[in-house]
Amino acid sequence: MSTIEKVECLIIGSGPAGYTAGIYAARAGLKPVMYTGMQPGGQLTITTEVENYPGYPKGIQGPEMMEDFKAQAERFGTDIRFGYASKVDFTGPVHKVWVDETTEIHANTVVIATGASAKWLGLPSEQRLNGFGVSACAVCDGFFFKQQDVAIVGAGDTAAEEATYLSKICKKVYMIVRRSEMRASKAMQERVKNTPNIEILWDSETKEILGEKAVDGALITNLKTGEERKINVTGFFVAIGHTPNTQIFKDWITMDEQGYIETIPGTSKTNIKGVFAVGDAQDKVYRQAVTAAGSGCMGALDAERYLAEIGVH
Ligand code: NDP
């Protein structure tokens, strides 16, 4: 038997988008309830230094920044709970969300801020050195490798864009591509190929990332010849795609083929009235903490306006 609880505004997810939605919704008096998901704080809790978030001129550790976001959301009364939303039913005007199979929330508005998860190669060394030279975000961490040699794995638009970004900061960029062609758009490919300090390693796979406490190289295997080579890099970027955490919404919410939620441009509105999507769950292009936070604010404002329209608040 699950308990039923009625709320005006339910926020699912606790990254920069979710917490910002909490701050705005609480200050607007919506008494928001937030479920954090299994990784409270989201992707930033697995990064180290964050230097590009405005307001922290000296930089801040990702987990600490998320504690600050949480404290600010709590200060205004966001009810933050550890819990995992496992099922939804968006048929009626009241939106049903099941949490941990014990609680059934009936919400007038839902702000989806479930984020996305970076895909990883799956090497133990990649996991061990994550945050110590291994990163899934060149825009976040490229700066730490100024004038150094780095590698990036992937051949999609993200990898191409990030390789180009890194080439402007780093001395040399090895781009590790597993096939003999790239998936990225023609224009992006051309840009990569025409950048002198990017060396593309075609038909190549990463065997191991080297280093004890920090990355100091990588072993690369050529899949055609079987030849192995060591590249001397201090940064290792993985750009092989992200998975938006939107699976539980797929029967109700309009998404693209990769599972990113579609919102009406310039708003956080989804195809379901009263359900809003913010942060990386609906953004495959920018994926920054600051853009996620901005969209979290939009979600709360859209929820507030919707509640006023239906006469609930
Ligand atoms: P994609 O899924 O498009 O590309 C992933 C890349 O990673 C592919 O080249 C794939 O190789 C490679 N890959 C996957 N798994 C592995 C692995 N285990 N080892 C090595 N390589 C691997 O992801 P993106 O993040 O690049 O892009 C996602 C979406 O966002 C796309 O639709 C893209 O167009 C869009 N996007 C648009 C941008 C823009 O418009 N400015 C910027 C960034 C993204 P293979 O090709 O062999 O499958």
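Predicted model: local features only at pLDDT ≥ 70, side-chain atom pairs only at ≥ 80, totals over all residues.

Colleague: Which two values describe a pair of packed helices?

Modeller: Two packed helices are described by the angle between their axes and the distance between the axes. Helices (H or I, at least four residues) and strands (E, at least two) are DSSP runs, numbered from the N terminus. Axes are lines fitted to C-alpha atoms, for helices over the stretch in contact, and angles run from 0 to 180 degrees between N-to-C directions. Here helix 1 (residues 16-27) and helix 2 (residues 62-75) have axes 8 Å apart and pack at an angle of about 20 degrees. Helix 1 is therefore roughly parallel to helix 2, a term for angles under 35 degrees, with over 145 counting as roughly antiparallel, 65 to 115 as roughly perpendicular and the rest as oblique.

Colleague: In which hand does helix 1 pass helix 2, and which residues make the contact?

Modeller: The crossing is left-handed, meaning that the near helix is turned anticlockwise from the far one by less than a right angle, whereas clockwise would be right-handed. Contact means heavy atoms within 4.5 Å, and here it is made by Pro16, Tyr19, Thr20 and Ile23 of helix 1 with Met66, Phe69, Lys70, Gln72 and Ala73 of helix 2. By class, this contact of helix 1 with helix 2 has six nonpolar, two polar and one charged residues, where Ala, Val, Leu, Ile, Met, Phe, Trp, Tyr, Cys and Pro count as nonpolar, Asp, Glu, Lys and Arg as charged, and the others, Gly among them, as polar.

Colleague: How does helix 1 cross helix 7?

Modeller: Helix 1 passes helix 7 in a right-handed crossing, and their axes come within 7 Å and cross at roughly 40 degrees. Among the residues in this contact are Ala17 and Ala21 of helix 1 and Ala292 and Gly296 of helix 7, and the residues divide into 11 nonpolar, two polar and no charged.

Modeller: Helix 5 (residues 157-169) and helix 6 (residues 186-193) pack at an angle of about 35 degrees, with axes 9 Å apart. Asp157, Ala160, Glu161 and Thr164 in helix 5 meet Met188, Arg191 and Val192 in helix 6, a contact that divides into three nonpolar, one polar and three charged residues.

Colleague: Which residues of the largest nonpolar core touch the most other members?

Modeller: In soluble globular proteins, nonpolar side chains tend to be buried together. A nonpolar core is a set of buried Ala, Val, Leu, Ile, Met, Phe, Trp, Tyr and Cys residues joined through side-chain atoms within 4.5 Å, and buried means under 20% relative accessible area, exposed over 50%, partly exposed in between (1.4 Å probe, protein chains only). Of the 30 residues in the largest core here, Tyr19, Tyr53, Met65, Phe69 and Val111 touch the most other members. Strand 1 (3-12), helix 1, helix 2 and helix 7 (289-309) are the elements that give two or more residues to this core, and helix 7 gives the most, with seven. Leaving aside neighbours within four places in sequence, tyrosine 53 is in contact with Met65, Phe69, Ala289, Val290 and Ala293.

Colleague: Are glutamine 147 and aspartate 203 buried or exposed?

Modeller: Glutamine 147 is exposed, because its relative accessible area is 54%, whereas aspartate 203 counts as buried at 13% relative accessibility.

Key: Residues numbered from 1 in each chain as written. Heavy atoms only, no water.
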